[in-house]
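Please look through the sequence and the model shown here, and then read the briefing that follows, which is grouped by topic.

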Amino acid sequence: MSTVASSRPVAPADLEPRPRTALDWRIRFGVLSLIWGFSFLFIKVGTEGYAPFQVTFGRLLFGSAVLVAAMAVKRERLPRGARTWGHLAVAAFLLNALPFSLFAYSELTIPSTLAGICNATSPLWGMALSLVALSEDRPTRRRVAGLGIGFIGVLTVLGVWQGFHGLDATGTAMALLASLSYPIGWIYVRRTLAGTGNSHLSMTGAQLLLATAQLAFVTPLFTTLPSRVAWVPLLAIAALGALGTGLAMLVQYGIVAEVGPTTAQMVTYFIPVIATAAGVAILGESLAWSTPVGAVIVLAGAALTQAKPRR
């Protein structure tokens, strides 16, 4: 996993120290939690009017526009070198194009609340990968225990004692695979793009542009243009991209640079809570007792997997 054990992709470059901003980091932390928590609601609304690939393409397009604008304001340049761009293309696929598309497809058949909880399993996947020597993070007894607890939480969310009755297996599997894609992508990023000398804004801007290009190629092959413009889903996609992808990344960088990755990664544990509340309150999604109970167990296990070993 990356130093920021988040379910969301962050810049592959090393973060430079920044001066404190006028707005307190706790307020920005809360805003970031809300933005990412509502992202699953935006995905659900977006898929009501557009195909999943179209939702993902729009998300990346609006997100890229925000980062390109930020680069223009700060007079940042895109990174150079074919090797760097090649690694960024892989990172764009693993951290953006693939998981964003999988979440969009999953929410065709599962509620946004379940997608948000599946998203919280990313730290668990990262721990599991470290056990098979795909990561440089050393497993400890506490982290292995966290993996086991988290797995029990996932089974609780899925209602294993009921034989997964009423659960769409394909949609759930897609959401879990999307969460798995993040730690795989970050292991790749840490081994190929660390210390490139480019700014985090430049690297992430390039990464999102590449992911947008990937979806621009794939989307026309698997979808057709909608017969009419669905404005509410379109606005949801615009918010998902501009806020949940572009602005959220910029906010996260500032928080990491100011208070460090350990504190910043705590946003991971607020996302499923907000996603669940939004899905139930706004979309009217049903919520069995096992969903919030299992989510708490998942988050407890994820927190243990991120615990630093004592020296």
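Isoleucine 110 counts as buried, because its relative accessibility is 2%, where buried means under 20% relative accessible area, exposed means over 50%, and partly exposed lies in between, with a 1.4 Å probe and protein chains only as cover. This is a predicted model, in which local features need pLDDT of at least 70 and side-chain atom pairs count only at pLDDT 80 or more, while totals for chains, interfaces and linings use all residues. Residues are numbered from 1 along each chain as its sequence is written, and side-chain values use heavy atoms, with hydrogens and water left out.

**Overall build**

- The protein has twelve helices and zero strands, where helices (H or I, at least four residues) and strands (E, at least two) are DSSP runs numbered from the N terminus.
- Read from the N terminus on, the elements run α-α-α-α-α-α-α-α-α-α-α-α.
- Of the 311 residues of the protein, 53% count as buried.

**Buried residues and their partners across the sequence**

- Isoleucine 110 belongs to the loop between α3 (82–106) and α4 (112–119), and although 61 residues separate isoleucine 110 from glycine 171 in sequence, their C-alpha atoms are 5.9 Å apart in space.
- Serine 179 is part of helix α7 (residues 169–192) and is buried, because its relative accessible area is 0%; its C-alpha atom is 5.2 Å from that of asparagine 119, which is 60 residues away in sequence.
- Tyrosine 253 is found in helix α9 and counts as buried, because its relative accessibility is 2%; its C-alpha atom and that of leucine 201, 52 residues apart along the chain, are separated by 8.7 Å.

**The second largest pocket**

- The second largest pocket has a volume of about 320 Å³, and of the 16 residues that line it, the closest to its centre are Tyr50, Gln54, Phe57, Thr219 and Leu225.
- The search runs on a 1 Å grid over the protein atoms alone, where a pocket is an open set of points with protein on both sides within 12 Å along at least five of seven lines, a cavity is a set of points where a 1.4 Å probe fits but cannot get out, and lining residues have an atom within 4 Å of a point.
- Grid points are joined across faces, edges and corners, and the volume is the space filled by probe spheres set on the points.
- At least two residues of the lining of this pocket come from each of α2 (52–74), α8 (200–222) and α9 (231–259), and α2 gives the largest share, five residues.
- By class, the lining of this pocket has eleven nonpolar, five polar and no charged residues, where Ala, Val, Leu, Ile, Met, Phe, Trp, Tyr, Cys and Pro count as nonpolar, Asp, Glu, Lys and Arg as charged, and the others, Gly among them, as polar.

**A salt bridge and a nonpolar patch**

- Side chains of opposite charge can pair when their charged atoms come close.
- The count comes to one salt bridge, defined as a side-chain nitrogen of Lys or Arg within 4 Å of a carboxyl oxygen of Asp or Glu, and the side chains that meet in it are those of arginine 26 and aspartate 24, at 3.2 Å from N to O.
- Arginine 26 is exposed, because its relative accessible area is 53%, whereas aspartate 24 is partly exposed, because its relative accessible area is 32%.
- Leu23, Ile27 and Val31 make a nonpolar surface patch of about 240 Å²; patches are made of residues with over 30% relative accessible area and no salt bridge, with like charges joined within 9 Å and nonpolar side chains (Val, Leu, Ile, Met, Phe, Trp, Tyr) within 5 Å.
- Accessible areas come from the Shrake-Rupley method with a 1.4 Å probe, and for residues only the protein chains shown count as cover.
- Isoleucine 27 lies in helix α1 (residues 25–47) and is partly exposed, because its relative accessible area is 47%.

- Most residues other than glycine have a negative phi.
- Arginine 75, which is not a glycine, has a positive phi of about 55°.
- Arginine 75 lies in the loop between α2 and α3 and is exposed, because its relative accessible area is 77%.
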